[in-house]
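Subject: Structure for you to look at

Hello,

Here is the structure I said I would pass on. Please open it and keep it in view while you read the rest of this email.

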Amino acid sequence: MTSATTVTTALEPVHRERLMRLAREISFDAGARLFEEGHRADRFWIVRTGTVALDLHVPGRRPAVIETLGHGELVGWSWHFPPHIWHLGAEAVSPVRAWEFDAKEVLAMCAADAGFGRATAVWVGRVVAQRLHASRMRLLDLYGPYGSGSLT
């Protein structure tokens, strides 16, 4: 878990409280698909308990797990950027309890309050950067020459 991208550390309390007013409690059984790569992204989640795996479609193979997410982490960022299509897939690894958010409501709040909008964009941008890095490392581990996925 990357603490810089969890909701409790990425958003100041005033912005976090505003966001949480829109939260709806939801749960997923282990094995449930939260979303599929290439489908419309109209919501997102913050994990309360359990684990969610992000995966990438690889033709001719099983989806490659890019990263696993836990408590306080954002599941889904594609809702924030046009064309609002999921770039990865997601599956509950264990039973998951989460807060679910309607993307249109959150984007409307971002448009109405520049401070909240900027804080949300910075948070989501950090998540995107971290996920892209994780994707690169995982793909190098899976398909690159031995040792190409190391940071040194």
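Predicted model: local features only at pLDDT ≥ 70, side-chain atom pairs only at ≥ 80, totals over all residues.

The protein contains four helices and eight strands. Read from the N terminus, the order of elements is α-α-β-β-β-β-β-β-β-β-α-α.

On overall size, the C-alpha atoms fill a box of roughly 50 × 35 × 30 Å along the principal axes. The radius of gyration is 16 Å, which agrees with the value near 15 Å that a compact globule of 152 residues would have. Of these 152 residues, 41% count as buried. The accessible surface is about 8,200 Å², and carbon and sulfur atoms make up 56% of that.

Two further values describe the chain as a whole. Taking contacts between residues at least 6 apart in sequence, 75% join residues at least 24 apart. There are 17 positive and 16 negative charges, and their mean positions lie 2 Å apart.

Now the sheet. Strands of a sheet pair through backbone hydrogen bonds, in a parallel or antiparallel way. Here, four strands make an open sheet with antiparallel pairing, in the order 1-8-3-6.

Strand 3 (residues 43-49) and strand 8 (residues 96-102) run antiparallel and are joined by six bridges. Phenylalanine 44 stands opposite phenylalanine 101 in strand 8.

Regards

Definitions and conventions:
Residues numbered from 1 in each chain as written. Heavy atoms only, no water. Helix = DSSP H or I, 4+ residues; strand = E, 2+ residues; numbered from the N terminus. Rg over C-alpha atoms; globule rule 2.2 N^0.38 Å. Buried < 20%, exposed > 50% of the residue type's maximum accessible area, 1.4 Å probe, protein only. Contact = heavy atoms within 4.5 Å. Areas by Shrake-Rupley, 256 points an atom, 1.4 Å probe, with all protein chains shown as cover. Lys, Arg positive; Asp, Glu negative; His and termini not counted. Charge placed at Lys NZ, Arg CZ, Asp CG, Glu CD. Pairing = 2+ DSSP bridges.
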